[in-house]
Amino acid sequence: MSAAQSKRSLRSRRGHSYDKGRGFAVQALWVVVSALIFTRVWCPARLRCPLLRLFGAEIGTGVLIKHRVNVQWPWKLTIGDDSWIGTDADLYNIDEIVIGSDVCVSQYAYLCTGSHDRHSPTFEFDNGPIVIEDGVWLCAGSTVLRGVTVGANSVVGARALVTSDVPPDSLVRAPHAIVTPG
């Protein structure tokens, strides 16, 4: 442990909660349905969109959602037509996530609308929506953080981290490995 005094106290309280958008009973029911049905490999893909709609998501036609996709709160999710959400994608939407049409969210992609105010002594939430415009491809393992818009027809490469808006028709690449002779 360092000699410096902490500027935040996580013990004292967790700060103010965020607006979950539904009451406790609906939240609990979604957690159960998600864990026991929605995320399971045996759940038919054709059932996943109706389940999300049942809980308030706005889902277009022709959407494909694979197994083991995590959706925190369906009522804070909008997906346009003909988009794909790959296996193990994590849509951590404690704020709104809007995904356009013809979007591919590849396996293990992480969209995180939540954060905390690092200057707050009680670690208050600092959440923000994410918008993924039409025609975007979020490649395997990419991460998009809160408050970001990824412009139409952009590609976010495998393992890339997006912390600010991406203009349309852009390519975002992760740092690459530098190989040196042994």
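The structure described here is a predicted model, in which local features need pLDDT of at least 70 and side-chain atom pairs count only at pLDDT 80 or more, while totals for chains, interfaces and linings use all residues. Residues are numbered from 1 along each chain as its sequence is written, and side-chain values use heavy atoms, with hydrogens and water left out.

**Overall picture**

- The secondary structure of the protein chain comes to two helices and 16 strands, and the C-alpha trace spans about 55 × 55 × 35 Å along its principal axes.
- Of the 182 residues of the protein chain, 41% count as buried, where buried means under 20% relative accessible area, exposed means over 50%, and partly exposed lies in between (1.4 Å probe, protein chains only).

- The phi angle of Asp82 is near 60°, which is a positive value in a residue other than glycine.
- Together with Asp81, Asp102, Glu133, Asp134 and Asp165, Asp82 belongs to a patch of negative charge on the surface.
- Such patches are made of residues with over 30% relative accessible area and no salt bridge, with like charges joined within 9 Å and nonpolar side chains (Val, Leu, Ile, Met, Phe, Trp, Tyr) within 5 Å.
- For the charges themselves, Lys and Arg count as positive and Asp and Glu as negative, while His and the chain ends are not counted; the place of a charge is taken as NZ of Lys, CZ of Arg, CG of Asp or CD of Glu.

- At 62% relative accessibility, Arg159 counts as exposed.

**Salt bridges**

- Side chains of opposite charge can pair when their charged atoms come close.
- The structure holds two salt bridges, a salt bridge being a side-chain nitrogen of Lys or Arg within 4 Å of a carboxyl oxygen of Asp or Glu.
- In one of them the side chains of Asp88 and Arg68 meet at 2.7 Å, N to O.
- Asp88 lies in the loop between E5 and strand E6 (90-92), and Arg68 in the loop between strand E2 (64-65) and strand E3 (70-71), so the pair ties together parts that are 20 residues apart in sequence.

**Cysteines**

- The structure holds zero disulfides, a disulfide being a pair of cysteine sulfur atoms within 2.5 Å.
- The sulfur of Cys43 is 10 Å from the closest cysteine sulfur, in Cys49, which is too far for a bond.
- Cys104 is likewise in no disulfide, and the nearest cysteine sulfur, that of Cys139, is 7.6 Å away.
- At 2% relative accessibility, Cys43 counts as buried.

**Separations along the chain and in space**

- Ala45 lies in helix H2 (residues 45-54) and counts as partly exposed at 31% relative accessibility; Ala45 and Lys66 are 21 residues apart in sequence and 6.3 Å apart in space, C-alpha to C-alpha.
- Ile99 has its place in strand E7 (residues 97-99) and counts as buried at 1% relative accessibility; from Ile99 to Trp30 there are 69 residues in sequence and 21 Å in space, C-alpha to C-alpha.
- Ala89 lies in the loop between E5 and E6 and is buried, with a relative accessible area of 0%; the C-alpha atoms of Ala89 and Asp19, 70 residues apart along the chain, are separated by 23 Å.

Note on methods:
Areas by Shrake-Rupley, 256 points an atom, 1.4 Å probe, with all protein chains shown as cover. Helix = DSSP H or I, 4+ residues; strand = E, 2+ residues; numbered from the N terminus.
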